[in-house]
Amino acid sequence: MTFLYNFLIPFILNAFNSIISNEVKTLTDDRHLHSETSGSNNVINKTNLNTKSYKKSSERINSDASLVYDKENTNSIIEQITTKYDVYSSEDILTKENMKDVLLRQGKNVEFDNQVFLITFKNGTKAVFKPCSPYYMRTALAEVAAYKFSLYFAPFIYVPSTKVCTIDGQLGSLQEYIETDIDLVLPSWKDAIKGKKHTEFDAVSKELDKKRKDLETLIISAGKEKLGAYAALMYVIGQWDIGPHNMLLKKIGKGELEIVCIDNAAISTPFESITCTSYPFVNVYSSSNFNTSDHDKPFPFKSSKRIHKPTVAKLKSVFGNKIDDSFYKGMEFYGWFEYVIWRSALWKKVENDTTLFIRSHLKYCPQQVLQRLKELNLKTLKEIFYDAKDDFANEPFLHKILERRDKILKEFKYS
Ligand SMILES: Nc1ncnc2c1ncn2[C@@H]1O[C@H](COP(=O)(O)OP(=O)(O)OP(=O)(O)O)[C@@H](O)[C@H]1O
Ligand SMILES: [Mg+2]
């Protein structure tokens with residue numbers, strides 16, 4: 001471990017600095033996550049995806065004007081962007097598979113909503129591609145920012161190397177694929193009761209509870225250092241969508257487990273939480289229809305309301321025409337819907353999976369992490385979020401990160 005802290009950090013920071021300071025850089029780093037089973041030949045962290053170029057967003061998108069899609073002009077926004085990101089075509093690619101099929105083939109459970117592909121390049125490299133729209137790039141930019149954040153905080157957290165690219169003209173984020181035989185995702189209730197009689201549902205529920213407890217035990221076995229660092233740093237960066245569905249565990253040397261942080265798109269969505277260990281209220285819908293006059297008021301945590309057994313009809317009767325019908329599409333309803341209306345937006349409390357709410361493990365944070373957090377400043381954040389500065393990462397957003405950092409330092413009485 002001392003080796004990691006004394007040797008690897010300066011080494012990684014060097015890599016980090018080179019990524020963020022030069023105009024055009026390849027997005028590679030030299031963190032090594034050795035697989036316990038596959039030996040030193042199988043260094044999974046070297047993302048050498050025939051990397052071409054990684055340019056500043058000011059070069060990719062020169063001005064707002066370039067974002068205007070001009071049907072008359074063949075040089076459309078998509079073409080403009082594809083010429084400025086790493087570009088891969090079917091010539092570079094061996095296979096492009098739906099992640100859902102890959103997980104099912106591996107006998108794993110599936111819990112995600114968006115389009116996710118496993119790309120196998122002709123040189124054998126595997127990476128995860130998550131397409132995005134050229135008009136809504138924030139998910140991809142957030143994934144890249146989370147990766148850069150993890151380089152700054154290496155080796156305390158691990159986000160696989162990530163960049164923006166196009167594959168056959170489709171824009172998206174491309175992340176190093178982490179192979180692991182551990183499945184942290186529980187079967188959904190719907191899958192669990194498939195082929196079962198009603199009288200067996202109780203037993204199914206007990207079995208799921210046991211699996212959930214076993215998973216929690218497994219995650220805790222990663223150790224309080226790793227878990228503390230993970231929970232604290234994910235909170236600081238603003239990753240509220242944490243849990244087994246968005247993390248991987250990988251066995252590394254001598255039975256050690258590495259926590260791999262995937263799916264960090266949520267950092268671009270504003271949230272509020274009363275303490276660093278409490279469930280977040282996430283901004284799920286903004287509209288001037290709410291017409292609140294509370295811009296100078298703090299978040300009203302104490303006046304949240306609950307709608308029990310929510311249905312679209314019930315929500316509509318509460319929010320009326322303040323919320324567009326499209327909001328309800330694809331929404332899943334169970335338990336209750338707890339919310340606050342603040343600053344002309346609807347903020348929904350997200351309580352995913354109570355027993356596995358990772359942030360509740362934030363009872364300890366390693367001293368080195370606290371020290372590194374103390375060193376974090378606006379300048380570094382501007383570098384980390386450089387590509388997203390014209391999208392979601394404006395100065396108030398960056399100040400929020402520093403505020404959360406201060407909360408952690410206060411929580412652990414670090415000065
Ligand atoms: N870097 C990675 N290495 C290995 N597997 C990955 C990686 N990234 C994603 N996956 C797999 O793909 C699944 C879906 O990815 P991800 O969570 O990023 O998708 P999503 O649709 O954005 O999720 P959500 O529905 O939570 O928003 C994950 O649960 C995981 O099994
Ligand atoms: Mg996910």
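**Entry 1: the chain as a whole**

I began with contacts: of those in the chain with a separation of 6 or more, 72% are between residues 24 or more positions apart. I remind myself that this is a predicted model. My tally of secondary structure is 12 helices and 13 strands. I also looked up burial, and 29% of the 415 residues count as buried.

**Entry 2: around ligand 1**

Which residues come nearest to ligand 1? I found F112, D113, N114, I178 and D263, out of 19 residues around the ligand. Next I checked which elements give two or more residues to this shell, and they are α4 (99-105), β4 (126-131) and β6 (170-176).

I found it in the loop between β8 and β9, with a phi near 55°, a positive value in a residue other than glycine. Is D263 buried or exposed? I count 23 other C-beta atoms within 10 Å, and the cut-off for burial is 20 or more, so D263 is buried.

**Entry 3: β6 and its partners**

Six of its seven residues are buried, so β6 is largely enclosed by the rest of the structure. On one pairing, five bridges join β4 to β6, and the two run antiparallel. I noted A127 with its bridge partner E176 in β6.

The other pairing I looked up is with strand β5 (residues 162-167), which is antiparallel to β6 over six bridges. Here T166 stands opposite L171. The hairpin of β5 and β6 has two residues between the strands, and in it D168 takes a positive phi near 50°.

I stopped at the peptide bond that joins A154 and P155: it is cis, with omega about 5°. P155 lies in the loop between α5 and β5.

**Entry 4: helix α8**

How many of the 14 residues of α8 are buried? I get 12, so this helix is largely enclosed by the rest of the structure. The buried ones include K226, G228, Y230 and M234. They pack against α5 (138-152), α7 (201-220), β8 (256-261), α10 and α12. From first to last C-alpha, α8 reaches 20 Å, close to the 20 Å expected at 1.5 Å a residue. G238 follows the helix, and its phi is positive, near 95°.

**Entry 5: helix α12 and the end of the chain**

α12 (residues 395-411) came next, as one of the elements that α8 packs against. Its 17 residues should span 24 Å at 1.5 Å a residue, and the end C-alpha atoms are 24 Å apart, which agrees. I401, R405 and I408 are buried in this helix. They cover an arc of only 60° around the axis, so they are on the same side of α12. Which exposed residues does the face turned away from the buried side carry? I listed E395, P396, H399, E403 and K410. On the buried side, the cover includes α8 (224-237), α10 (367-375) and α11 (378-384).

Just after the helix, K413 takes a positive phi of about 50°. S415 lies in the segment after α12. With 7 C-beta neighbours inside 10 Å, S415 counts as exposed. I also checked S415 against L370: they are 45 residues apart along the chain, and their C-alpha atoms are separated by 9.1 Å.

**Entry 6: the five-stranded sheet**

I traced an open sheet of five strands in the order β9-β10-β13-β12-β11, with antiparallel pairing. β9 (271-272) and β11 (305-308) each have a single partner strand, so one side of each is left without a neighbour in the sheet. Two bridges join β9 to β10 (residues 281-286), and F271 stands opposite V282 in β10.

My last stop was K309, in the loop between β11 and α9 (312-319). K309 is not a glycine, yet has a positive phi of about 40°. With 10 other C-beta atoms within 10 Å, K309 is exposed.

Key: Residues numbered from 1 in each chain as written. Chains lettered and ligands numbered in written order. Predicted model: local features only at pLDDT ≥ 70, side-chain atom pairs only at ≥ 80, totals over all residues. Near = placed C-beta within 6 Å. Helix = DSSP H or I, 4+ residues; strand = E, 2+ residues; numbered from the N terminus. Expected span 1.5 Å × (residues − 1). Arc of directions from axis to C-beta. Contact = placed C-beta atoms within 7 Å. Pairing = 2+ DSSP bridges.
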